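This briefing covers the interface, the nonpolar cores and selected charged pairs of one structure. Please read it alongside the sequence and coordinates.

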Protein chains: 2
Amino acid sequence: MRIPILKLHNCLLISIQWELDDQTALQFQEDLLNRIHETGANGVVIDLTSVDMIDSFIAKVLGDVISMSKLMGAQVVLTGIQPAVAITLVELGIQLDEVFTALDLEKGLEKLQQELGE
Amino acid sequence: MRIPILKLHNCLLISIQWELDDQTALQFQEDLLNRIHETGANGVVIDLTSVDMIDSFIAKVLGDVISMSKLMGAQVVLTGIQPAVAITLVELGIQLDEVFTALDLEKGLEKLQQELGE
């Protein structure tokens, strides 16, 4: 099962609404990078509102996909990070220094538009 | 597996990116109506760009969910309907008279905002 990726103007929107297994996470990584390449999107919003907890593998894939997206020229905003997810990310030392975060999808998109100067 | 439903301002966005089985379609119907109730959304965009074909059951569920959303006060826009899907919908006599359609997600959202007078 693949995670749907929506294109809205120059941004891609992804809402992760279930626990990811390893295979789905890797498929998502590949799909997202392909969609950035296809669409020329320069912004990505990943909404984690419905994710209650993540394990170390998923956290690493998430960190990786953010770095990879940046390399391809797309700025990533993570939205709706729940307390348990924030704890996991920090405790695992996942490097999210350069990633923007926002409370929800709307605010994430606003932040991205500001950041991209539009 | 559930279809993610994104909330953006007063609209819900859904992108269906794989063939639906009957169970998923019914789950989607229930989830969408619940989200309309929870969020008070008055617009819904269902993007079918990635759907190559649909069967009669899914077509009926789709027609039903549009009628149900209307009853709850939300206007539905279908976007990205492919030729084979359009053929199926018409040949099955699914009533989509009152539904708005648009080419893609952006145009669907624009249409919805116009329609809702915003």
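The model is predicted. In it, 17 residues of chain B are in contact with 17 residues of chain A. Over all chains, the structure holds ten salt bridges, and the count between chain B and chain A is two.

**Interface between chain B and chain A**

- The two chains bury about 1,600 Å² between them, and carbon and sulfur atoms give 71% of that area.
- On the side of chain B, the residues that lose the most area to chain A are B:Met1, B:Leu6 and B:Glu106, which together make up 34% of what that side buries.
- Six residue pairs are in polar contact across the interface of chain B and chain A, counting pairs with both residues at pLDDT 80 or more.
- Strand E1 (6–8), strand E2 (11–15) and helix H4 (105–115) of chain B are the elements that give two or more residues to the side touching chain A.
- By residue class, the side of chain B that touches chain A has ten nonpolar, three polar and four charged residues.

- Side chains of opposite charge can pair when their charged atoms come close.
- B:Glu106 and A:Lys7 meet through their side chains in a salt bridge, at 3.1 Å from N to O.
- This pair crosses between chains, running from helix H4 of chain B, which holds B:Glu106, to strand E1 (residues 6–8) of chain A, which holds A:Lys7.
- B:Glu106 counts as buried because its relative accessibility is 13%, and the cut-off for buried is under 20%.
- A:Lys7, with a relative accessible area of 27%, is partly exposed.

**Salt bridges within a chain**

- In chain B, B:Arg2 forms a salt bridge with B:Asp31, and their closest N and O atoms are 3.8 Å apart.
- That pair links distant parts of the chain, 29 residues apart: B:Arg2 is in the segment before E1 of chain B, and B:Asp31 is in helix H1 (residues 22–39) of chain B.
- B:Arg2 is partly exposed, at a relative accessible area of 47%, whereas B:Asp31 is buried, at 12%.
- In chain A, the side chains of A:Asp104 and A:Lys107 meet in a salt bridge, at 3.9 Å from N to O.
- A:Asp104 counts as partly exposed at 25% relative accessibility, and A:Lys107 counts as partly exposed at 43%.

**Nonpolar cores**

- In soluble globular proteins, nonpolar side chains tend to be buried together.
- The largest nonpolar core has 64 residues, of which A:Ile14, A:Leu32, A:Ile46, B:Ile14, B:Leu32 and B:Ile46 touch the most other members.
- Apart from that core lies another, of 20 residues, including A:Leu105, A:Leu109, B:Cys11 and B:Leu105.
- Leaving out residues up to four places away in sequence, A:Leu32 touches A:Ile5, A:Leu12, A:Ile14, A:Val44, A:Ile46, A:Val65 and A:Ser69.

- A:Gln75 is part of strand E4 (residues 75–79) of chain A.
- With a relative accessibility of 16%, A:Gln75 counts as buried.
- Among the residues that A:Gln75 touches, not counting those up to four places away in sequence, are A:Asn42, A:Gly43, A:Val44, A:Lys70 and A:Glu98.
- A:Phe100, A:Leu112 and A:Leu116 are also among the residues that A:Gln75 touches.

Note on methods: Residues are numbered from 1 along each chain as its sequence is written. Chains are lettered from A and ligands numbered from 1 in the order in which they are written. This is a predicted model: local features need pLDDT of at least 70, side-chain atom pairs count only at pLDDT 80 or more; totals for chains, interfaces and linings use all residues. Side-chain values use heavy atoms; hydrogens and water are left out. Contact means heavy atoms within 4.5 Å. Buried area is the accessible area (1.4 Å probe) that two parts lose on being put together, summed over both. A salt bridge is a side-chain nitrogen of Lys or Arg within 4 Å of a carboxyl oxygen of Asp or Glu. A polar contact is a pair of N or O atoms within 3.5 Å; within protein, one must be able to donate a hydrogen and the other to accept it, and residues adjacent in sequence count only if both atoms are side-chain atoms. Helices (H or I, at least four residues) and strands (E, at least two) are DSSP runs, numbered from the N terminus. Ala, Val, Leu, Ile, Met, Phe, Trp, Tyr, Cys and Pro count as nonpolar, Asp, Glu, Lys and Arg as charged, and the others, Gly among them, as polar. A nonpolar core is a set of buried Ala, Val, Leu, Ile, Met, Phe, Trp, Tyr and Cys residues joined through side-chain atoms within 4.5 Å. Buried means under 20% relative accessible area, exposed over 50%, partly exposed in between (1.4 Å probe, protein chains only).
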